[in-house]
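Trainee: Could you take me through this structure slowly, one topic at a time?

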Amino acid sequence: MPSVVLGQAVPDFEAAATGEQTFRLSDYRGRNLVIYFYPKDNTPGCTTEGQDFRDRMPEFDKLNTTILGVSRDGLKAHENFRAKHEFSFHLISDKDEAVCKLFDVIKLKKLYGKEYLGVDRSTFLIDADGKLRREWRGVKVKGHADEVLEAARAL
């Protein structure tokens, strides 16, 4: 499956999500959607990013915009992470990396001199018609949620 392309419709997909849900992209037609990919639950940057989106949820809601987080963690870890930080949005478990591959966010990374394949912190803004309108790759957490909120306002 080819990865997503700016200005084009995002292919429909489904994945397991918190709240015992199956997320289907097609179920969100008529709403804007922010899908953000992060490396791991309960790590400092990922926690801050989730909290920043959580704190802006009322503003995103006014803009008819749903937020979803995606990582390769399992649903149990996601449920605990979500509850601990009171995230009002759902998290998608992508253990098989199908969603990560669709959005092309698996990249070669280095930690302590060792190379490994990991999730490149990335965010995607999909409009109510299902088209990819903005993408941010290699995201730095500070100020990012505000930048995404501004882009959602511009839709």
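Mentor: We will talk about a pair of helices in this model.

The model is predicted, so local features need pLDDT of at least 70 and side-chain atom pairs count only at pLDDT 80 or more, while totals for chains, interfaces and linings use all residues. Residues are numbered from 1 along each chain as its sequence is written, and side-chain values use heavy atoms, with hydrogens and water left out.

Trainee: Is H1 parallel, perpendicular or oblique to H5?

Mentor: Helices are DSSP runs of H or I with at least four residues, numbered from the N terminus. The axes, lines fitted to C-alpha atoms over the stretch in contact, with angles from 0 to 180 degrees between N-to-C directions, come within 9 Å and cross at roughly 40 degrees for H1 (residues 44-55) and H5 (residues 144-154). Angles under 35 degrees count as roughly parallel, over 145 as roughly antiparallel, 65 to 115 as roughly perpendicular and the rest as oblique, which makes H1 to H5 oblique.

Trainee: Which residues in H5 do Glu49, Asp52 and Phe53 in H1 meet?

Mentor: Contact means heavy atoms within 4.5 Å. By that rule, Glu49, Asp52 and Phe53 in H1 meet His144, Ala145 and Val148.

Notes. Helices (H or I, at least four residues) and strands (E, at least two) are DSSP runs, numbered from the N terminus.
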